[in-house]
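Subject: Structure for you to look at

Dear colleague,

I am handing over a structure that I would like you to open and read alongside the notes that follow. Please keep the sequence beside it as you go.

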Amino acid sequence: MDSNAMPVSRRAMLRAGGAVAAGAAVGSTAFSTRASADPASATGYVDVQLLNITDLHGYLQPPAPNDGGVITGADGIKLTVGGAGYLATHLNRLREGNHNSIFCSAGDNFSGWPYYVDSQNNEPTIEVLNALGLRFSSVGNHELDKSPRFLIDHMEKGAPYHLDEPFSGFVDSTGRGFHGADFRYYSGNVVYRDNGRLIVPAYNIEYVDAGRGRRLPIGFVHVTVDGCVDGPGFNCSYQPTLATTDFVAAANRSAAELKRRGVRAIVIVMHEGGYAGPDFNSGVSPTGPAFELAAKADPDIAAIITGHWHCRFNMMVPDPNGVPRPVVEAGYYGQVINEIQLKLDRDTGHVIRELTTSTNHAVTRDVPVDPQIQDIVDYWTRSSDKLYATPIARQTGDLTRMPNADGESTLGNLVADFIRWDTLQSNHGHAQFAFTPVLPPKGRGPLSGDLPYAKGANAADTDGTILFGEAWTVYGFDSPIVTVSMTGDAFHRGLEQQWQTQPDDSVRYCPVAVSAEVRYTYDPTKPVGERIDPANLLINGTPIDLHATYRVATNAYTVLAYDGYPAFTEYTDAVRHSLDHEGFIRYVRTRGTIDPPALGRATSTTLRGAAPAYVPPPATGRDTRPPLPPGARC
């Protein structure tokens, strides 16, 4: 060790650390102690730069101002941020002069909402992250939106994903087929439900140059938000075959194993976060699971990198022994890069905690875009336009959301038929019938547009042609199709909940489309809750048995209580199938020619006041992110 690099005493460090932690708010850089702000104290150690992002969600083009493109700094200053081309420029500048620089992510890199990545199997995001030099990532909940096999076999290893063929394995910007990520994913608490085995490794070890031919290890511990595969609070990542274990216990378990392996520098990278005020580069009144973990996690862990909450903060928070360590989150959609500077003892590999600093850097757009990265982004954007214009089927008439006098629509019936069809494409989980809300009482309906017979504005369109992009945008928001066991009584009560009494005693009609196996009549003059006689609710021509159990299919969004039909949440034995967009594309393409489904599945005994007042949902763009249900996190 350099004789000029005098270690700061633990007593002095605790005094200084206590002052920083008590203040809670920090300026442009967070210092673990006053010593870390003194350059003279930092000489003689091994410098390590940790750069991290989180929750990119495939936002490769700059996000709109109202969609994460503006953040707030000190004194309420607004900054325009985001875009992979700008992210690359800032990364390159931060890396300059840092010999030991490690770039990682806290998860939710892909399964984004922009059409140009989502429609291309999120492969554009992987190519960009490869080019940016991402070393590793935690598993976010959205990395599980399709399946663990999709994450591991396709996104990591580049193996074909047959469920999306032929719209999978796209040609990248170099003219090659998709080869997967040049980095790996990790999580210490996502397991297969049947055997408790981790889906990916719990931690990774990276080595840094200590000079004179020596390398020092740094262990990175990874965990994923609790419950992300179980349903409540989540939708897209609902995976009945998976489970999550306690992430604090998982983090401490991995830290203990790393120490047994002789690793003395340990960092948590977690897809779970918190909130600590509006300033992107400070923190005040912290709250949330990340800070609960910070109070319990092994004191030998030197820093905690977080994500998931789509928040921005940069703080020094006391560990269980009262010693400050960074707890940081870098926003979302490429808004911020967090930089943690560690000092390692050359001989032992320990982190000199009193010399740690941390900064959140805004990815501003007042710098030149990186031409290489922007070329990749622009290539994929053009590719998505070509994909949008690809004909996939023919239609013989209008497929619209406009209801008839009984509240039925051709598009609603088509989607209900698709949902049941999708369950029949797998080896298990076949549904007897299916349904889908059309105008739910809360949340959002899955029908986002219409498919008129007449050609649209796209130059490739003709009368009766269904383009890939048209089918993609009229239905779905990345919610999986599920088959569940539901009693006849629960299904009947769910249909009764199409009529809901409002605070002013008016009755709102919230129609549900049913697949071709279902027929029923309803009487709008009867009291709410008594409008469908079970004898007139037929499944394949037979009156429903209220005491029997049926295998029923719909979107996970509905059974997970997002859209306001409580009876439909009474289910067991869920089996997951396709995501809505991809499955619907496969259905339309397989059918080849789509005839508007006949109406008459739901019939009122009187047409007076039967149909709802139809107000289409607001028009959505190709890249519109679905709104989050109350209480849900990304």
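The side chains of Asn 314 and Asn 281 are joined by a polar contact of 3.0 Å, where a polar contact is a pair of N or O atoms within 3.5 Å, and within protein one must be able to donate a hydrogen and the other to accept it, while residues adjacent in sequence count only if both atoms are side-chain atoms. A second polar contact, of 2.6 Å, links the side chain of Asn 314 with that of Ser 358.

This is a predicted model, in which local features need pLDDT of at least 70 and side-chain atom pairs count only at pLDDT 80 or more, while totals for chains, interfaces and linings use all residues. Residues are numbered from 1 along each chain as its sequence is written, and side-chain values use heavy atoms, with hydrogens and water left out.

Asn 314 lies in strand β14 (residues 312-318), a strand being a DSSP run of E with at least two residues, numbered from the N terminus. Because its relative accessibility is 0%, Asn 314 counts as buried, which means under 20% relative accessible area with a 1.4 Å probe and protein chains only. The C-alpha atoms of Asn 314 and Ala 330 are 8.3 Å from each other, and these residues are 16 apart along the chain.

Elsewhere, strand β2 (residues 46-53) runs parallel to strand β5 (residues 101-105), and five bridges join them. Leu 51 has Phe 103, in β5, as its bridge partner.

Best wishes

Note on methods. Pairing = 2+ DSSP bridges. Helix = DSSP H or I, 4+ residues; strand = E, 2+ residues; numbered from the N terminus. Buried < 20%, exposed > 50% of the residue type's maximum accessible area, 1.4 Å probe, protein only.
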